[in-house]
Amino acid sequence: MRKTLILSTALLGLATAASAQTLTVMSWGGAYGESQVEAYNKPFAAEKGVTVNMVDADNPATPIKAMVEAGNVSVDVADVELSDAVRLCDEGLIEPIDHSKLPPGADGTPAEEDFIDGALTDCAVANIVWSTIYAYDKSKFSGEVPTTIADFFDLEKFPGKRGLRKGAKANLELALMADGVPAAEVYDVLATPEGVDRAFAKLDTIKDQVVWWEAGAQPPQLLADGEVVMTTAYNGRIFAAATAEGKPFEIVWDGQIMDLDLFVIPKGAPNKELAMEYIAFATDSQRLADQAKWISYGPARKSSAPLVGLYKDGKTEMGPHMPTAPENMKNAVLNDFEFWADNGVELEERFNAWLAAN
Amino acid sequence: MAAAQQVGAFVEFDRVQKSYDGETLVVKDLNLAMPKGEFLTMLGPSGSGKTTCLMMLAGFETATHGEIRLAGRPINQVPPHKRGIGMVFQNYALFPHMTVNENLAFPLEVRGIGKAEREAKIARALDMVKMGKFGNRRPAQLSGGQQQRVALARALVFDPELVLMDEPLGALDKQLREHMQFEIKHLHENLGITVVYVTHDQSEALTMSDRVAVFNDGVIQQLAPPDELYERPANSFVAQFIGENNKLPGVIEDVDGGRATVRLATGELIDATPVNVGGRGSRTLVSIRPERVEYLPERIPPGAHTIEAEVLEFIYMGESFRTRMRVAGSDDFIMKNRNAVGQRRLQPGERITIGWSPQDARALDPL
Amino acid sequence: MADLASDAPFATPARESLKTADGKPLKAALARAQARSRRRALFLVLPLLVFILVTFVFPIGQMLFRSVHNDAFSRNMPNLVAWFEATEPGTEPDEAAYAALAADLKLLRENRTAGEVGTRVNYELSGSRSLFTSTARRANALEPPFREAILAENEGWADPRLWQVMRDASSAYTANFYLAAVDLMHTETGEIARVPPDRQIYVNLFLRTFALSALITVLTLILGYPIAHLLATLPLRYSNILMILVLLPFWTSLLVRTTAWIVLLQQQGVINSTLVATGLIADDQRLAMIYNQTGTIIAMTHILLPFMVLPLYSVMRPIPPSYVRAARSLGASSWKAFRSVYFPMTVPGIAAGGLLVFILAVGYYITPALVGGASGQLISNLIAYHMTDSLNWSLAAALASILLAAVLLLYWLYDRLIGIDNLKLG
């Protein structure tokens, strides 16, 4: 997968050299990437008369450092997670963004107030709210079905393999919540060494039953193949598999961890001005609402919520599938980007050591 | 059953057939018996089946039909390493990762022979081929001739009664080859071993062998001592394959006892000894050795038919002369005369009369 | 001297150098004649030389450099670096030190480099990144006395270990990444100690990588030797077909092959389902053959098999059958002939294939990443992780350098034991 990334980046380098009016957007691929192509790229290309290219990456934040350090930036806009946006901004790897260039909301609210909390940072503009949830294949359960985050860690009640993302982020929060820590206190507990130990101890209980995934497209596949009975996933991927492909997947919203995806401009992007125009265009109320037509990620503007309509199939109401829907928010955590920016290296390293130990 | 079995035969092929593909036979009904101590050469062009016969005897190929016996014992089912046959290969097949001594020790070790006896045998075998000083060398450090000697020593060191040699001198230059021919011959005589030798070189076969089996097309064409093979070839193939040979095609005019009169294509009559021909009117190929052709009237035997010839080319070869002539429409009739008193240089274009003793012209199958 | 020599030319005939026909020294003439062909040869290899320099020597040099050089701190913190240089190691940070820190924090804010510096220090002291970012954010408000002002912002600045790490980082050149790569670290007092057990990872991973690579090498040898022998002894038209089968994996994308293994080996995969269908195992006892070490071993053995078969084949093909036949005729059983004659002759191929497979296995990461789960990860996966995820390139470079050194050591050992000129790669 990284190979394909390197290859496509190299090809892009050639492409951008050939035509200055090609905007390159790097995102996560899959159903999510498709939603951005449909809702942002196509209308933007039509309106500005430019070509918009889409490249996929496992995590678009990771190639940015390599590109900037090598002085060979081939991407104009990248879609990254909140903690990465903050970190990249701190390290000066992405351009600051002038918030005054963002259009006001559809109801006239100024952009600064229209975006939800945390959605605007010095260097990034959020476009969606997504969440890490866990899902199961309901055809594999005859009697009781899992309903809480504790059920995910309960091998006696629900035996079978579990899918988890290979990384510390989100897994530690889930482990603590499953261990009985209230959502509001997760990061306070995790900030203490005892809390970290507690989270790893909880993960230990299922370690030998875990299939680790890396790319967002893997968990629906693992579920479909029957490799795991339940897996954490990005909610939009499960929605896409369930709605578009008719897979019998069910999402458990209890203990969901919400996060933002933000647009950033890598330092030295070839078409900086155009990139800014693209971000302003893509994050207006209507586009963000349109995006929700393709995947169940919530728009980052408050004024977009009333504009969200039906799924592209023309019959599924999108509202209840959004992470931000009130019934899904009963026990939810908002990802603490500062915590992860500060402790990410440490915790990921510990996670790697934990993973490698037999 | 054992029709070809002979009393006292050491190596026997009894109605042996070999096919690789189940459709064609590379060896057709081979019967051969050789007494102990004989040096027998299998001679023939490539693809004639001679090497296959050797490989069957060594145990690397299995006979499709028939029986091979060694000292009276059938060996078809005996694996090669239990046959106790020494073998010398064309490329010597000396083990490159072992020294000369180790190569020679190999057959002794697998026979469980003790160290002291081993060393004595190795020393004797190496001395026998005059390689005593080279025991610690690796094969790659030896010349081709030296490697050949070591290969010989290795095949002999465990005192086999039968030694097979598969074109062992093929890779050597002419001078060395001739020298080695004598050495092998002497070894054979001194050790009293039985040797089956495969070659496609007829002079090698004639020089070394007690008997030669001429192979062609999977069949032994003639099995005879070298002189008989040369003097009295049994058919056109043998005549052609062994030594130089003039061929004149014709039709039998008359057969009278040991003498046939043959009418050549141009109408002339010549005399010949009938070997394997039909009666009057059957086609034949008359074979005459160049050195048996004469043109001086006093050397032509009385009563023989003579024939007109036109000299095309005269080659001076020192001890002999070689004359190419047109005879009965054929342009490559060769006459070979000893550079003796009374002989002269013939001039191209000169017309002469040639003749030969009817015993020296053999009317053979027409091919 | 020259006169003497010309006066007595016959006195020293042996030392007289040979001359060409027109009286020039022969050696000089030879050198001149060869110089042109040498220049031409150089000209011909020049593109390759440049290519190797640009694509091989330069990147490896860069990697080695990066593993001992990281100037994220020293470049951005000039005042503090000056203070560290002026004082002895172990000096308690005084007001001057805090003043220098405050000046640097202001610089960090201006240049937006707080994250870069914080990340560098964070590599060695976790949790210190936020110290830099948060304090730098409010650096303009800092007033003397700086010690009180900074400690009022964040107590963490008083940590002696932090000052030890910053002193280390004040020099752009450091061996700390190598320490980290073998699970060692500097303590507060500057001594070298093992990291706590729950952080130890790299030494174990190196050992696992070498052990797994050795196992995979042995497996490819066991599987590849008979195949190569068959290839070398079959008639050409059959061996060509078989060769295509051996090479087929080469022509398929690595990802496709790896994914195919996932389809075959997973719990609901072809092999497990067949075993369950034939009743060999129960449905709830499906074998775990993927997302663990077994998966890594199976998939990598398959992928690396051609690298063993080809060198073996190239050594076996020219071995005429007469060697084994000679051994057999000399009285050796087929096993003895194989062991004493054929096998020793194929050792150069085994060594070449083994070296090739081992070195490739040591550096593989895509396959273990996809099928290795947690227990099948190799050191290269961690290198990739530090390259692309944690972005700690210095540590990645240190790990890669150790791997490179290990491979070179192996190569050296090979040369000593077997001799590199015996290497036959086909």
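Visitor: Is Ala170(A) buried or exposed?

Guide: Ala170(A) counts as buried because its relative accessibility is 12%, where buried means under 20% relative accessible area, exposed over 50%, and partly exposed in between (1.4 Å probe, protein chains only). Before we go on: this is a predicted model, where local features need pLDDT of at least 70, side-chain atom pairs count only at pLDDT 80 or more, and totals for chains, interfaces and linings use all residues. Residues are numbered from 1 along each chain as its sequence is written, chains are lettered from A and ligands numbered from 1 in the order in which they are written, and side-chain values use heavy atoms, with hydrogens and water left out.

Visitor: What is the phi of Ala170(A), and where does the residue lie?

Guide: Its phi is positive, about 75°, although Ala170(A) is not a glycine. Ala170(A) lies in the loop between strand E6 (162-165) and helix H7 (171-178) of chain A. Helices (H or I, at least four residues) and strands (E, at least two) are DSSP runs here, numbered from the N terminus.

Visitor: Why flag that?

Guide: Most residues other than glycine have a negative phi, and most peptide bonds are trans.

Visitor: OK, what about Tyr291(C)?

Guide: Tyr291(C) is not a glycine either, and has a positive phi of about 60°. You'll find Tyr291(C) in the loop between helix H14 (270-277) and helix H15 (293-316) of chain C. With 14% relative accessibility, Tyr291(C) counts as buried.

Visitor: And which peptide bond is cis?

Guide: The one from Pro144(C) to Pro145(C) is cis, with omega near -5°. Pro145(C) sits in the loop between helix H7 (129-137) and helix H8 (146-153) of chain C.

Visitor: Switching to cysteines. How many disulfides over all chains?

Guide: One, counting a disulfide as a pair of cysteine sulfur atoms within 2.5 Å. The partners are Cys89(A) and Cys123(A), with S to S at 1.8 Å. The link is right-handed, with 45° about the S-S bond.

Visitor: Which parts does that pair tie together?

Guide: Cys89(A) lies in helix H4 (residues 82-90) of chain A, and Cys123(A) in the loop between strand E4 (120-121) and strand E5 (124-137), so the pair ties together parts that are 34 residues apart in sequence. Both Cys89(A) and Cys123(A) are buried.

Visitor: How many residues take part between chains C and B?

Guide: Chain C gives 17 residues and chain B gives 22. About 1700 Å² is buried between them, with carbon and sulfur atoms giving 68%; buried area is the accessible area (1.4 Å probe) that two parts lose on being put together, summed over both. On the chain C side, Arg325(C), Ser329(C) and Leu330(C) lose the most area to chain B, together 39% of what that side buries.

Visitor: Tell me about chain B as a whole.

Guide: Chain B has eight helices and 19 strands, and its C-alpha trace spans about 75 × 50 × 35 Å along the principal axes. Of its 367 residues, 51% are buried. Among chain B contacts with a separation of 6 or more, 66% are between residues 24 or more positions apart.

Definitions and conventions. Contact = heavy atoms within 4.5 Å.
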